[in-house]
Amino acid sequence: MKTYLVTGAAGFIGANYIKYILGKHDDVKIVILDALTYAGNLETISQDIDNERCFFVKGNICDRNLADQLFADYKFDYIVNFAAESHVDRSIENPQLFLQTNILGTQNLLDAARRAWVTGKDENGYPTWRKGVRFHQVSTDEVYGSLGAEGYFTEETPLCPHSPYSASKTSADLIVMAYRDTYKMPVTISRCSNNYGPYHFPEKLIPLIIKNILEGKRLPVYGDGTNVRDWLYVEDHCKAIDMIVRNGKDGEIYNVGGHNEKQNIEIVKLTIATIHQIMTEQPEYRSILKKKEMTPDGQISIDWINDSLITFVKDRLGHDQRYAIDPTKITRELGWTPETKFEDGIVKTIRWYLDNQKWVKNVTSGEYQNYYENMYKNR
Ligand code: NAD
Ligand code: TDX
């Protein structure tokens with residue numbers, strides 16, 4: 001049996017990850033630690049928490065006593081740290097929270113693991129570690145900064161973050177690497193490109209666009225829409241993390257990405273076209289639409305679901321132009337390749353949102369409404 005501490009698993013990728021490993025392996029026991037911020041939702045994982053293989057603890061990764069208590073209660077083999085403030089736009093508004101959670105929270109977990117996992121000292125004074133343990137840090141391609149039209153991020157690309165979010169994630173990576181070098185702690189880091197899929201919080205581009213179309217709202221595209229992101233279906237990211245945690249090499253960094261670069265404007269247009277197509281083929285989905293204009297033959301009209309919904313708005317400050325990952329290392333060393341083609345993944349994702357409107361309503365009630373109004377009112 002392998003016992004995992006998975007932080008941030010009530011959020012988008014963490015939730016998909018625990019579902020993936022619970023389905024894939026019989027030998028896992030998971031303790032979830034999540035503060036349930038606006039981005040964390042118990043509904044997302046309520047069916048996974050059975051208190052036999054999967055337990056939930058509400059708490060902050062910055063809480064030292066809680067972290068020590070968890071290590072005292074469970075003999076963790078693996079820590080997988082997803083917990084973070086994850087939205088670039090929010091980091092521009094409130095950087096300090098990002099530094100607190102993403103840097104100090106990571107350092108707090110590293111220290112708790114160190115207190116629990118160190119077994120003694122070697123002849124040179126370095127700590128010795130319990131066999132088979134690993135701290136995995138879930139990082140991002142944003143630590144490398146921005147690319148021009150050419151080239152890819154490799155694990156050797158110099159770190160050059162621009163936003164408070166990416167600077168905080170870079171700092172966390174550096175702290176993890178400092179624990180590797182100073183204490184010989186068994187750590188790994190994965191740096192992944194933009195994920196999409198089920199349970200993605202609707203402040204991020206793809207789920208925001210879906211939500212706004214269904215509500216008949218304008219679709220805000222920052223700047224001229226030519227910024228490029230490299231999109232990966234979330235389950236492919238989860239598979240990569242699973243391979244790294246179980247078979248990766250201590251101290252290594254692995255880039256994860258699917259060679260699937262798209263301009264933002266392409267993503268928005270594709271989302272519009274896909275929703276239009278699904279609602280043409282399956283008119284029953286039209287009842288979800290807030291705007292209920294009728295066609296002459298008495299159906300809810302979808303004629304207005306077209307590119308005229310797009311509104312170019314003020315650009316994000318310090319907006320990175322292009323991200324693109326070179327995943328050669330993880331493919332060569334661990335045999336990882338992405339399985340989901342973008343054309344299939346985006347349809348699967350849109351269908352998931354159409355079928356899970358209750359989840360969208362629940363996660364976006366309350367604090368989200370204020371956020372959305374403030375964020376977009378001056379754009
Ligand atoms: P998310 O915002 O959807 O979820 C974050 C989760 O962390 C939430 O459940 C939240 O409640 C929890 N959390 C936040 N602060 C906490 C704290 N102080 N203590 C405990 N829990 C806390 O984020 P996500 O998109 O699922 O991203 C997960 C991780 O993956 C992050 O570390 C992010 O940097 C990284 N990442 C994300 C992407 C992406 O495209 N979304 C890509 C690469 C890397
Ligand atoms: O309303 C919008 N309009 C728009 O044009 C929003 C929300 C975004 N955008 C643009 C900005 C980006 O170029 O779309 C692109 C994607 O934006 P986000 O979904 O906010 O993602 P991004 O900033 O690229 O960061 C994401 O990928 C890397 C995650 O949120 C990070 O956590 C991850 O590290």
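User: What makes you say that helix H6 lies across strands, and which strands are they?

Analyst: In this predicted model, helix H6 (residues 164–183) lies across E7 and strand E8 (187–192). Contact here requires C-beta atoms within 7 Å. The helix runs at about 155° to E7.

User: And H5, which strands does it lie across?

Analyst: H5 lies across E1, E4 and E7, and its angle to E4 is about 175°.

User: How do you know that E1 and E4 pair?

Analyst: Pairing needs at least two bridges between the strands. Strand E1 (residues 2–7) and strand E4 (residues 78–81) are joined by 4 bridges, so they count as paired, and they run parallel. One of the partners in E4 is Asn81, which bridges to Thr7.

User: Why do E3 and E12 stand at the edges?

Analyst: The open sheet has 7 strands with parallel pairing, in the order E3-E2-E1-E4-E7-E8-E12. Strand E3 (54–58) and strand E12 (253–256) each have a single partner strand, so one side of each is left without a neighbour in the sheet. From one strand to the next, the twist averages 20°.

User: How does the shell around ligand 2 divide by class?

Analyst: Into 6 nonpolar, 6 polar and 4 charged residues. E10 gives the most to this shell, with 3 residues.

Definitions and conventions. Residues are numbered from 1 along each chain as its sequence is written. Chains are lettered from A and ligands numbered from 1 in the order in which they are written. This is a predicted model: local features need pLDDT of at least 70, side-chain atom pairs count only at pLDDT 80 or more; totals for chains, interfaces and linings use all residues. Helices (H or I, at least four residues) and strands (E, at least two) are DSSP runs, numbered from the N terminus. Ala, Val, Leu, Ile, Met, Phe, Trp, Tyr, Cys and Pro count as nonpolar, Asp, Glu, Lys and Arg as charged, and the others, Gly among them, as polar. Axes are lines fitted to C-alpha atoms, for helices over the stretch in contact, and angles run from 0 to 180 degrees between N-to-C directions. Two residues are in contact if their C-beta atoms, placed from the backbone, lie within 7 Å.
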